[in-house]
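Student: I have a new structure to look at, and I'd like to talk it through slowly. Could you walk me through it?

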Amino acid sequence: MTRQGEIPPTAGLPMVWHDWLPTKKELCPNLSDLFDLPPLILECSGTASLIVALQTLANMPKNEGRRDVIIPAYNCPLVVLAIAHCNLTVKLCDTAKNSFDFDFDCLDKLIDEKTLAVIPTHIGGQLADVEQCVEIAHKKGAYVIEDGAQALGSAAGKTGDIAFFSLAVGKGLTLYEGGLLTSFNDEIRLALKETHKKIVKPRFFFELKRISELLGYSIAYRPRLLSLAYGMPRRRELAAGNIEEAVGDVFDDDIPVHLVSRFRMKRGANAASRLKPFLEDIKKQAQLRVDKLAKIPSITVVKGLDDEGAIWPFIMVLFKTKEARDKALETLWPSPYGVTRLFVHALADYSYLEPHFNKRFSTPNARDFAARMLTISNSPWLDDETFDKIVTIIARSV
């Protein structure tokens, strides 16, 4: 155990006791103002936000016959499940070499008159090239949905036709589970609201469960208790060889879509007042730590398109070989240092997702990226001494 206890894999914003006090603050308007976003719609998860977005587009008469949704092949499995939930067809596009972003030559070949939407994904707060997506998609009459699940507080959400964000545990601001949905296009945003009214209904007992989980997060999201809630279960799965379960990559097809209570929303509204300075602090920390990692030969810190507009919940480190990455993980993964893998596989390599693909996809770059990358937490709880230990172990592995 580190001196400070178990480090979470990402820099989540801790809740404090006064987040539970009554407030006149409103979550969505405050976040819109903070991050220069259009009016936001609150959903019960980032996945539910994507479902509302996809169903909105699919139900537009002008989109009749468009059933394909193109996503990067290195991605969260929940994106596939959301598309399948809407009875749409998943098309996997390979990523660029050494990147989480699209291979745009591949995207250009995949997109056609059957394409409903393209979903660029901002991974780990790093920004995808949405402008190129828009240029390619709009030529074919398709829409662009920005997946900002891991990027609330970055410059994401300002270029695509629709954008969504996650408020899940570990995503910075959290309601334990929650999502935000918006569009700069007034007509589309109105349509999103109409879809929300039609399909998002109250689920009292489910919401009560979420309130209890948020209370548990308030209590347990601290280094001394995280070993019980996160560290020990993860180490058990690792010891048993259940890698997908250890990372949290296994999801149920049944995706909850329900209203978020005002009670839970108000807790988020209180916490949101601390979000911007929190993100600024961890960005400064990341910049110093990226400089240390840059001195190690044979590794690369993965960055997106716009360094200034990025946020840093964790740091993605890409090794030259899978063997070197795995050697580092031998020591670091079972440790309490906050080092892990983001997604174990490229999407085509999850066996439980196979029924949702109607063809085989060759995505060698995405598979290679998944095989050589690990993530280091950028939590403020990871002190400099422990980070230096991580750097030393990585340096030895290469």
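Student: To start with, how many salt bridges does a search of the whole structure find?

Tutor: A search of the whole structure finds 20 salt bridges, where a salt bridge is a side-chain nitrogen of Lys or Arg within 4 Å of a carboxyl oxygen of Asp or Glu. Bear in mind that this is a predicted model, in which local features need pLDDT of at least 70 and side-chain atom pairs count only at pLDDT 80 or more, while totals for chains, interfaces and linings use all residues. Residues are numbered from 1 along each chain as its sequence is written, and side-chain values use heavy atoms, with hydrogens and water left out.

Student: Okay, which side chain does E26 meet in a salt bridge?

Tutor: E26 meets K266, at 3.0 Å from N to O. Because E26 lies in the segment before α1 (27-35) and K266 in helix α10 (residues 262-272), the pair ties together parts that are 240 residues apart in sequence. Helices here are DSSP runs of H or I with at least four residues, strands are runs of E with at least two, and the numbering starts from the N terminus.

Student: And is K266 buried or exposed?

Tutor: K266 is buried, with a relative accessible area of 10%, whereas E26 is partly exposed at 28%. Buried means under 20% relative accessible area, exposed means over 50%, and partly exposed is in between, with a 1.4 Å probe and protein chains only.

Student: What does D368 pair with?

Tutor: D368 forms a salt bridge with K97, and their closest N and O atoms are 3.1 Å apart. D368 lies in helix α13 (residues 364-372) and K97 in the loop between β3 (89-93) and α4 (104-110), so this pair ties together parts that are 271 residues apart in sequence.

Student: Where do K322 and D326 lie?

Tutor: Both lie in helix α12, four residues apart, which is about one turn of the helix, and their side chains meet in a salt bridge at 2.5 Å from N to O. K322 is partly exposed at 40%, and D326 is partly exposed too, at 24%.

Student: Changing topic, in what order do the strands of the open sheet with β8 come?

Tutor: The order is β8-β9-β11-β10, with antiparallel pairing; two strands pair if DSSP finds at least two bridges between them. β8 (299-301) and β10 (339-340) stand at the edges with a single partner strand each, so one side of each is left without a neighbour in the sheet. Strand β9 (residues 314-319) is joined to strand β11 (residues 373-377) by five bridges, and F314 has S377 as its bridge partner in β11.

Student: What about helix α2, how many of its residues are buried?

Tutor: In α2, 13 of the 13 residues are buried, so the helix is largely enclosed by the rest of the structure. Helix α2 covers residues 46-58.

Student: Last one: which residues of β6 are on each side?

Tutor: I162, F164 and S166 are on one side of β6, with A163 and F165 on the other, and all of them are buried, which leaves both faces covered. As a general point, in a regular strand the side chains alternate between the two faces of the sheet.

Student: And which way does β6 run against β5?

Tutor: Strand β5 (residues 143-148) and β6 run parallel and are joined by four bridges, with I145 having I162 as its bridge partner in β6. With strand β7 (residues 179-182), β6 pairs in the antiparallel sense over four bridges, and F164 stands opposite L181 in β7.

How values were computed. Expected span 1.5 Å × (residues − 1).
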